[in-house]
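Student: Please walk me through this structure by question and answer. I would like each reply to end on the value or name I ask for.

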Amino acid sequence: MLTQLGLKHLAPLNGAAISIPSSLVLLICVAPFALAGEAVHWNAVPVFAAVGLLYPGAATLLTFAANRALGPVITGALGNLAPLFAVALAFVMLGEPLRPAQVAGLLVIVMGVAMLTVGRGGPTGDWRSWFLLLPLLAAAIRGFIQPLIKLGLELWPSPFAASLVSYAVSSAIVITAAKLGTGRWIADGSPRGHLWFSGVGLCNGLAVLLMYAALAQGTVALVSPLVATYPLVTVLGSMLFLGKAEGGLRLALAVAISVAGVVLLLAG
């Protein structure tokens, strides 16, 4: 929701160059307290840095490129496949077991979230285009980083350290991309746009920290589908705060299906 408000004042790339470093600033301010007295496990740092190369930096840039080429509908629809990549990779990389109820819950959640995002308006792009690889690659990245971060957390069980290192690398990526794209190190735009995207950064930073904390305690097969239900909050918030209520019966059905998927997942 904050992103929608910020995009009224700033281009997407400039917004990313503000939001991701804003998350880093928050983490740096908290670091002296969160990491006080904690030993650094240097063998985990390269893993966290590798995550930062991919997420949120590279995944964000790929999503922006996909939105320009294909529109938000196709980009959002293919982006919903991230939990499938995450669970499949966790099965291969971590040997996580998959129970039938978990698989059923995962598929139902993906179907419900897809109903929320597909057909919400905007240009639909071309389903035959090779640009389809862009959102698929972004979804694969978001799926891949979850078992990868779990491997790193086995070496250094600190979700905060994982967030700090990965956001430091991602901030360097998006700031460099903004410099190459706009010729400026500091994003140009109205102060209001900077403020909205700073809020986006604070929310995203806390969200990633909480996701890493969940992955430190639970399986990818449980955490990834639950994280993927965020469009439920987006749609509800848009209805309450932005006055956007699209979809009618389809929207209600999509919410019901997504909730049913969560119930199946937790029951599994």
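Tutor: Contact here means heavy atoms within 4.5 Å. Note also that this is a predicted model.

Student: With that cut-off, and leaving aside neighbours within four places in sequence, which residues is serine 163 in contact with?
Tutor: Serine 163 lies in helix α9. Its relative accessibility is 0%, so it counts as buried. Leaving aside neighbours within four places in sequence, the contacts of serine 163 are Leu27, Val208, Leu209 and Tyr212.

Student: What pLDDT does the protein average?
Tutor: A score of at least 70 is reached by 90% of the residues. The average pLDDT of the protein is 84.

Student: Among the elements of the protein, which has the lowest mean pLDDT?
Tutor: At the other end of the scale, helix α3 (residues 45-54) has the highest mean, 95. Where pLDDT is low, the predicted coordinates should not be read in detail. The lowest mean, 72, belongs to residues 72-79, which form helix α5.

Student: How many helices and strands does the secondary structure come to?
Tutor: Read along the sequence, the pattern is α-α-α-α-α-α-α-α-α-α-α-α-α. The count is therefore 13 helices and zero strands.

Student: Of contacts between residues at least 6 apart in sequence, what percentage join residues at least 24 apart?
Tutor: The protein has 268 residues, of which 43% count as buried. Among its contacts between residues at least 6 apart in sequence, the share joining residues at least 24 apart is 91%.

Student: Which residues touch the most other members of the largest nonpolar core?
Tutor: This core has 36 residues. The elements that give two or more residues to it are α2 (12-34), α3, α4 (57-70), α6, α8 (133-155), α9 (159-182), α10 (191-217) and α11 (220-227). The members that touch the most others are Phe48, Tyr55, Ile145, Ile149, Met211, Tyr212 and Leu215.

Student: Not counting residues up to four places away in sequence, what does phenylalanine 48 touch?
Tutor: Phenylalanine 48 is one of the core residues that touch the most other members. With residues up to four places away in sequence not counted, phenylalanine 48 touches Ile149, Gly152, Leu153, Trp156, Ala161, Ala162, Val165 and Ser166.

Student: Is glutamine 146 buried or exposed?
Tutor: Glutamine 146 is found in helix α8. Leaving aside neighbours within four places in sequence, glutamine 146 is in contact with Ala86, Met211, Leu215, Val220 and Ser224. Its C-alpha atom is separated by 8.0 Å from that of alanine 90, 56 residues apart along the chain. Because its relative accessibility is 5%, glutamine 146 counts as buried.

Student: Threonine 60 has 19% relative accessibility; which class does that put it in?
Tutor: Threonine 60 lies in helix α4. Not counting residues up to four places away in sequence, threonine 60 touches Ala16 and Ile20. Buried means under 20% relative accessible area, so threonine 60, at 19%, counts as buried.

Student: And which class does threonine 234 fall in?
Tutor: Threonine 234 lies in helix α12 (residues 230-241). Threonine 234 and leucine 2 are 232 residues apart in sequence and 10.0 Å apart in space, C-alpha to C-alpha. The relative accessible area of threonine 234 is 24%, so its class is partly exposed.

Student: Which peptide bond joins tyrosine 55 and proline 56, cis or trans?
Tutor: Most peptide bonds are trans. Proline 56 is placed in the loop between α3 and α4. With omega at about 0°, the bond between tyrosine 55 and proline 56 is cis.

Student: How far apart in space are leucine 84 and valine 103, C-alpha to C-alpha?
Tutor: Leucine 84 is placed in helix α6. Leaving aside neighbours within four places in sequence, leucine 84 is in contact with Leu106, Leu107 and Val110. Leucine 84 and valine 103 are 19 residues apart in sequence, and their C-alpha separation in space is 9.5 Å.

Notes. Residues are numbered from 1 along each chain as its sequence is written. This is a predicted model: local features need pLDDT of at least 70, side-chain atom pairs count only at pLDDT 80 or more; totals for chains, interfaces and linings use all residues. Side-chain values use heavy atoms; hydrogens and water are left out. pLDDT is the predictor's confidence in each residue, from 0 to 100. Helices (H or I, at least four residues) and strands (E, at least two) are DSSP runs, numbered from the N terminus. A nonpolar core is a set of buried Ala, Val, Leu, Ile, Met, Phe, Trp, Tyr and Cys residues joined through side-chain atoms within 4.5 Å. Buried means under 20% relative accessible area, exposed over 50%, partly exposed in between (1.4 Å probe, protein chains only).
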